[in-house]
Amino acid sequence: ERANGDIDCLPYVVANFLAGIPCIAAIALVSTVLVTQLADLNGFGDFFLNLLLSLIAAESLMHLIGAAQPHYIIGMAVGSGLFGMFMLCEGFMVPESDIPVGWKWGYHLAFHTYSFKWFMYNQFGGEDGGLVGDAILKRYDIDTEDTTECIVVLLVYTLVLEIGFFAVLKVFHTGKRN
């Protein structure tokens, strides 16, 4: 379609992003209903918003990887590797204070970090955290958490990844046939 001049990158990126939101929202809603009810978790609304923003950021990352890597299997491997590294560096398996200096960049780069901190604070922070909530947060170096910061980071992450998706399409996918 680009070769014929029928569509440009920006409308495609915006339409692709907007078309994915209802399905992502449905996945987040069903998951939130099941998980919060079965596990008796705190804060249905916060859990849903956190999961929704995390899934949107993950989808945006896969858009960028998919555009940058034309081979489907290699793109899946790169995405899986990045998500695996993000999970290792998010602060769950190894709290931030115990992450080696050479891997601190992974902690700050991973959007999982901000999602994890938000989930943890939602469950264990404040009066709803129970008797050991503060101790659990302290164990994971989440003494004080600003959920607004986590929201903003996830939104900015999504925006930057979608801009990257647009740039890769604009530069490398010209629509010209060889």
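Biologist: How should I read the accessibility of a residue, and is Phe 92 buried, exposed or partly exposed?

Modeller: A residue is called buried under 20% relative accessible area, exposed over 50%, and partly exposed in between, using a 1.4 Å probe and the protein chains only. Phe 92 has a relative accessible area of 42%, so this residue is partly exposed. Tyr 140, by contrast, has 18% relative accessibility and counts as buried. Please keep in mind that this is a predicted model, in which local features need pLDDT of at least 70 and side-chain atom pairs count only at pLDDT 80 or more, while totals for chains, interfaces and linings use all residues. Residues are numbered from 1 along each chain as its sequence is written, and side-chain values use heavy atoms, with hydrogens and water left out.

Biologist: What describes a pair of aromatic rings, and how many aromatic pairs are there here?

Modeller: A pair of aromatic rings is described by the distance of the centres and the angle of the planes. Rings of Phe, Tyr and Trp (its six-membered ring) pair if their centres lie within 6.5 Å, and planes under 30 degrees apart count as stacked, over 60 as edge-to-face and the rest as tilted. By this rule there are nine aromatic pairs. One of them joins Phe 92 and Tyr 140, which are stacked with 6.0 Å from centre to centre and 10 degrees between the planes. This pair links distant parts of the chain, since Phe 92 sits in the loop between α3 (72-89) and α4 (104-109), whereas Tyr 140 sits in the loop between α6 (133-139) and α7, 48 residues apart. The rings of Trp 103 and Trp 105 are also stacked, because their centres are 5.8 Å apart and their planes are at 20 degrees. Trp 103 is partly exposed at 43% relative accessibility, and Trp 105 is partly exposed at 46%.

Biologist: You mention helices; what does the secondary structure of the protein chain come to?

Modeller: Helices (H or I, at least four residues) and strands (E, at least two) are DSSP runs, numbered from the N terminus. The protein chain has seven helices and zero strands.

Biologist: With which residues is Met 62 in contact, leaving aside its neighbours within four places in sequence?

Modeller: Contact means that heavy atoms lie within 4.5 Å. Met 62 belongs to helix α2 (residues 44-68) and, with those neighbours left aside, touches Gly 75, Gly 79 and Phe 83. At 25% relative accessibility, Met 62 is partly exposed. Thr 158, in helix α7 (residues 147-172), is buried at 7% relative accessibility. Apart from neighbours within four places in sequence, Thr 158 is in contact with Phe 17, Leu 53, Ile 56, Ala 57 and Ser 60.

Biologist: How many disulfides does a search of the whole structure find?

Modeller: A disulfide is a pair of cysteine sulfur atoms within 2.5 Å, and the search of the whole structure finds zero. For Cys 150, the closest cysteine sulfur is that of Cys 89 at 17 Å, which is too far for a bond. Cys 150 is buried at 0% relative accessibility, whereas Cys 23 is exposed, with a relative accessible area of 52%.
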